[in-house]
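Take a walk through a protein model, one stop at a time. Keep the structure in view as you read.

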Amino acid sequence: MRSDFLHSPIDYLKGITPSRAALIKKELGIFTARDMLHFFPYRYLDRTEYLKINQLQNTNVEVQIIGKITHLKVVGQQRGKRLVATFTDDTGTMELVWFRGIKWIHDSLKINTPYVIFGKTTFFNGVFSMPHPEMELLEKHKSSLRSAMQPMYRSTEKLNSGGVTNRVISTCIQHIFETIQGRIAETLSSEMLQNLKLPSKPDALFNIHFPQSQAHLVRAQYRLKFEELFYIQLQLVRKNKIHKSKIKGYQFEKIGNYFHDFYNHHLPFELTEAQKRVVKEIRNDLGSNAQMNRLLQGDVGSGKTIVAFLSMLIALGNNFQACLMAPTEILATQHYHGLSEWAEKIGISIKLLTGSTKTSERKIIHEALEDGSLQILVGTHAILEDKVQFKNLGLAIVDEQHRFGVEQRSKLWLKNKFPPHILVMTATPIPRTLAMSVYGDLDISVIDELPPGRKSIQTMHRYDSHRLQLFYFMREEIKKGRQVYVVYPLIEESEKMDYKDLEDGYHSIVREFPLPDCQVSIVHGKMKSADKEYEMNRFVKGETQIMVATTVIEVGVNVPNATVMVIESAERFGLSQLHQLRGRVGRGADQSYCILMTGHKLSNDAKIRMQTMVRTTDGFEIAEVDLKLRGPGDLMGTQQSGVLNLRIADIVKDTEILKLARNYAFAILNEDPALESEKNIPIRRTFENLVKRREIWEYIS
Ligand code: ADP
Ligand code: MG
């Protein structure tokens, strides 16, 4: 009977008429009694507090008042028709208003009888009024349980006007509890309940809807958050484990001579501890017979490239090929030049393939890839073209992951018998907690240490009105032989305006920094790719001192002699973009600066962004602030927002619980991969149910 009842449609629940049922299904996606039980209040109101009418001050907040109706009248015509009641207590008078159900309400209201009214107030024509209040006779109200924590459920305009009030929901849930009498199956193992001192499932559900005390509520919330995060992690960890056991990859049995030779004789610098650790993690993956799927996070300048190169050497040492894919031609080219220098030292063949590679060169590359004589291919999306066939691609590295979709990643798989090992590198620091939930099925490595000797970049926020000082500062740096970036925002919708800003800016800089002392480069998205390349190269070679650009230089470009990054209209950039841009300087031995130029009027968000940039250069800290400002959905792109569609847990605030849940998921699956043991029965049953109801798949699809 119990399970039948919980699975019965809401249509049969107390207070739910057919039209209300339809509304609830449509607006809230609640179909069964069980769904209803899992519709949690979003906050709690103190219903032990009553206001007097003369205490009313603010509008649009819920209040509770005791008083009597002295008059009732219907006013207005047709659509403007409404029922207005005059409501008084010993301190004053207000109005209650109904626009719908006028006749029925009119007939059911009692005059001069004490009522408790509850609802949001408005202020109109000099009087406070309350549209569609919840009404209860004082006598009845006294006998019912009042709590200082009355649950408030999320509602919509349509629900309200359809009569699905907070009380309807609450009464319905109360009815469910009365019917099931605590017979709700436990969804966690008793071992977990004991270890973590969690309340039982029935206890937690009851207290989330009808808290017996603040302490009960906190415990209930904790348990339900833990449970929610635990099952997501269980799913992700399981997927990761299945992947490892099922998806075979090439097993690179040895490190190989290339690696040893390079590591022992040609390493350009000593690796940081973090780099060493990550190389070890990758080496372990490559040595197992499962396909590697690893995300490498490392702040700009943390030295991901050498890690990528060393990983490629392992593939090469086992007679496999490797490729490195970058999101833009400039970046791919720069990678190619950097890697070629290293490759040359140990006699490795390496080529570059981009959209502008000539047909004749392409042919050579295709052939060399197919016969295996070409060992490393660096390039853009061009690598993914069907014509590009490897003899035996063993490792594919993708730089700046956020520009590539999963689809493109899987395209690489089609290129051979086994999928190649995949290493995705990103400089967009994703807060660890978020990465755990979104990429929980990938393994994650983090380079959390910058190479030694880096001077931290000094960041300043200046207003447009201080431009003369800015020019003075730039001149001083240029005199020292340094180079300067000046970046303008470019947002497509307002392209015209942006180009005007950019051009005006360029002209004023050319005026301020005249030839022959100073050469100014300009690079923007509308230029031909060859022209862009030419201008970029002039700056890279130090022939120009100032680079005026749009955000095309955002990713990856490396000019160690550039020490000043000026960001114009900085308020228009997001935090992660600002951080990326700032990462273009501070790459050499000299003190570098980042100057954020803004107007005087700034939104609160913009102020926080500027303050954060000035305060810290830690990419992870910045990412956390970004997450708080923008919310997870926005940060990760909409297609992933399903992951974050949480019922009760908060990905930003509940990181400790998330970590705990993840640890438990790992521990349980390590000990009992198929969840077969007696004690894990509740876990397996719950997990299977979640999958059956597709609640978990939503998280990962
Ligand atoms: P990113 O992680 O942003 O791709 P890079 O790999 O481009 O960073 O490295 C940034 C700069 O730091 C490069 O000039 C690189 O040669 C240098 N570098 C990387 N690792 C070290 C290290 N361990 N010691 C000194 N310099 C390093
Ligand atoms: Mg890089």
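Predicted model: local features only at pLDDT ≥ 70, side-chain atom pairs only at ≥ 80, totals over all residues.

Residues are numbered from 1 along each chain as its sequence is written, chains are lettered from A and ligands numbered from 1 in the order in which they are written, and side-chain values use heavy atoms, with hydrogens and water left out.

Start with a helix. Helices (H or I, at least four residues) and strands (E, at least two) are DSSP runs, numbered from the N terminus. Helix α7 covers residues 166-180, which is 15 residues. The expected span of a helix is 1.5 Å times one less than its number of residues. For α7 that gives 21 Å, and its end C-alpha atoms are 21 Å apart, so the two agree. Buried means under 20% relative accessible area, exposed over 50%, and partly exposed in between (1.4 Å probe, protein chains only). The buried residues of α7 include V168, I169, C172, I173 and I176. An α-helix has 3.6 residues a turn, so residues three or four places apart point the same way. Just after α7, Q181 takes a positive phi of about 50°.

Next come the strands. Two strands pair if DSSP finds at least two bridges between them. Strand β2 (residues 62-75) runs antiparallel to strand β5 (residues 115-120), and six bridges join them. I65 stands opposite I117 in β5. β2 also pairs with strand β3 (residues 82-89), in the antiparallel sense, over seven bridges. Here V74 has L83 in β3 as its bridge partner. Six residues lie between the strands of this β2 and β3 hairpin, and G76 takes a positive phi near 80° there.

Now look at the rings. Rings of Phe, Tyr and Trp (its six-membered ring) pair if their centres lie within 6.5 Å; planes under 30 degrees apart count as stacked, over 60 as edge-to-face and the rest as tilted. The count comes to 17 aromatic pairs. One of them, F39 with Y153, is stacked: 5.6 Å centre to centre, with 25° between the planes. The two residues are 114 residues apart, so this pair links distant parts of the chain. F39 counts as buried because its relative accessibility is 6%. Y153 is buried too, at 4%.

F230 and Y231 form an edge-to-face pair, 5.0 Å centre to centre and 75° between the planes.
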